[in-house]
Amino acid sequence: MKISFFGAAQEVTGSCFLLETDATKILIDCGLFQGSEEADQKNRSPFGFDPKQISAVLITHGHLDHTGRIPKLTREGFQGKIFGTAPTTEIAQLIWEDTLNLMQYNFEKGGPEPVYSAQDAAAAGRLLTGVSYGGPVEVAPGVRATWHDAGHILGSSFIEIEAEGKRLVFSGDIGNSDVPILKDLEQLPQIDLLLMESTYGGHIHEDPKTRVEELRAIITRTVKERGVLMIPAFAIERIQEILYELSSLVRDDKIPHVPIYLDSPLAIKVTEVFRKYQEYYDPEAVKRLSMGDNFFEFAGLQVTPRGEDSRMINDIPAPKVIIAGAGMMTGGRILHHLRRYLRNKNSTLLIVGYQARGTLGRKLLDGVSPVHIYGERVDVKAKIMKIGGYSAHADRARLVSWIDGAPTPPKRIVLIHGEPESQEILAHDIHDTFSLQVERPGFGEQIAV
């Protein structure tokens, strides 16, 4: 058995791993690269394998960097089954539609052609098969897979695979502790090989329990200064978590009355998926719902699905709060708000998620000024703030603890989905804790299992 690394290898995006047995070939994830022109070139490059020879695709969760090239896969001849949890299959289709709309918009503005078409996305949708947590599924000849709750986003999973007498786990993205709405990460089972994400392997997050107070303080100050609070957030999970906690702040009168705009068509649609799959909620979220507390609807919240609704936000005087995608500020409606309000010293940009190298979000987080948005020079005078407790990824301590929670540590650990610096720090920590050598393959490399 062999595993080849065609994405998220010493980088964070583009998750794509080819597992080959004597009888079959399967992919675990097939995501889009994000963050730079180089990433866009990778998305347009041929796969490092023949899509026609792939028997199945196993999806860990619905995020773009894990599912975004699946329509391209079908475009190039893949006809097998695509397995993921029910929420994952719905979220993936929303992601494909939204990404295609953005690619088409950029194409009409003089950018490159979209990576795939609506017909390709529809073809991929017809191949989707929903699975449940906990039950092994025969996904290809001689290959059984079990999806376990990863506590990252709705329906997210780490996938346990049994083949040729070996047992291995692809972690997908592992969730942070104390995540609202979702159930917690499941225990790592007894396995031979762990392929584990390392996005925040070099970091220790702030205490997640302080994030609501930090959010309250930032909103209160922005309102007092009559500014605009911009929260660029990922449409899947992050925005729903923020709504969950904003609803508590509003309900308990802990923030001033201020209009709050959810300016993300994708997030609005994903929130409907959340409403549909309440069996994935943790006990606290279920309790709130049972008491009539609909945390996706509260006083002051206004959703703006249409473009004209979004433009009307400009006519509303400050103070106001705008939540919009994209989370890394690589596109979407947040760019229009940034271009308008970054120049205002009374306004605040609140970063609540990972910012990959090369993205506008990373530049703003690193203090770059001016920045260019839609070709326009923008001097950054707004306050740039970050709440690390909102990360949907496990930090170094939680990743090491997850390994330690297995019946015995895996015999081999391979780090994926992380920048080299973070991987190096995490690898040292794992070695010191478990006396294990940690592998860190690069793009296109292959290991034997």
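Me: How many disulfides does a search of the whole structure find?

Reply: A disulfide is a covalent bond between the sulfur atoms of two cysteines. In this predicted model, a search of the whole structure finds zero disulfides. Cys 16 is in no disulfide, and the nearest cysteine sulfur, which belongs to Cys 30, is 4.3 Å away.

Me: Are Cys 16 and Cys 30 buried or exposed?

Reply: Relative accessible area is the value to read, and a residue is called buried when that value is under 20%. Cys 16 is buried, with a relative accessible area of 0%, and Cys 30 is also buried, its relative accessible area being 0%.

Me: Which strands pair with strand 1, and in what sense?

Reply: Pairing is read from the bridges between two strands, together with the sense in which the strands run. Strand 1, residues 2-5, pairs with strand 22 in the antiparallel sense over three bridges, and Ile 3 has Ile 447 as its bridge partner in strand 22. Strand 1 is also joined by four bridges to strand 2, residues 16-20, and these two run antiparallel; here the bridge partner of Lys 2 is Glu 20, in strand 2.

Me: Where does Leu 194 lie, and what is Leu 194 in contact with, leaving aside its neighbours within four places in sequence?

Reply: One reads the element first, then the accessible area, then the contacts. Leu 194 lies in strand 11, residues 193-197, and is buried, with a relative accessible area of 0%. Leaving aside neighbours within four places in sequence, the contacts of Leu 194 include Val 169, Leu 188, Trp 402, Ile 403 and Pro 410.

Me: Where is the place of Arg 440, and is Arg 440 buried or partly exposed?

Reply: Arg 440 has its place in the loop between strand 21 and strand 22 (446-448), and is partly exposed, with a relative accessible area of 35%. Once neighbours within four places in sequence are left aside, Arg 440 is in contact with Gln 10, Leu 415, Pro 420, Gln 423, Glu 424 and Ala 427.

Me: How many cavities of 30 Å³ or more does a search of the whole structure find, and which residues line the largest cavity?

Reply: A cavity is read from its volume and then from its lining. The search of the whole structure finds one cavity of 30 Å³ or more, and about 30 Å³ of space lies in the largest cavity. The residues that line the largest cavity are Tyr 133, Asp 149, Ile 153, Leu 154, Gly 155, Ser 156, Leu 182, Lys 183 and Tyr 280; by class, this lining has five nonpolar, two polar and two charged residues.

Note on methods. Residues numbered from 1 in each chain as written. Predicted model: local features only at pLDDT ≥ 70, side-chain atom pairs only at ≥ 80, totals over all residues. Heavy atoms only, no water. 1 Å grid on protein atoms, 1.4 Å probe; cavity = no way out; pocket = protein on both sides within 12 Å on 5 of 7 lines; lining within 4 Å. Points joined across faces, edges and corners; volume = space filled by probe spheres on them. Nonpolar A, V, L, I, M, F, W, Y, C, P; charged D, E, K, R; others polar. Disulfide = S-S within 2.5 Å. Buried < 20%, exposed > 50% of the residue type's maximum accessible area, 1.4 Å probe, protein only. Contact = heavy atoms within 4.5 Å. Pairing = 2+ DSSP bridges.
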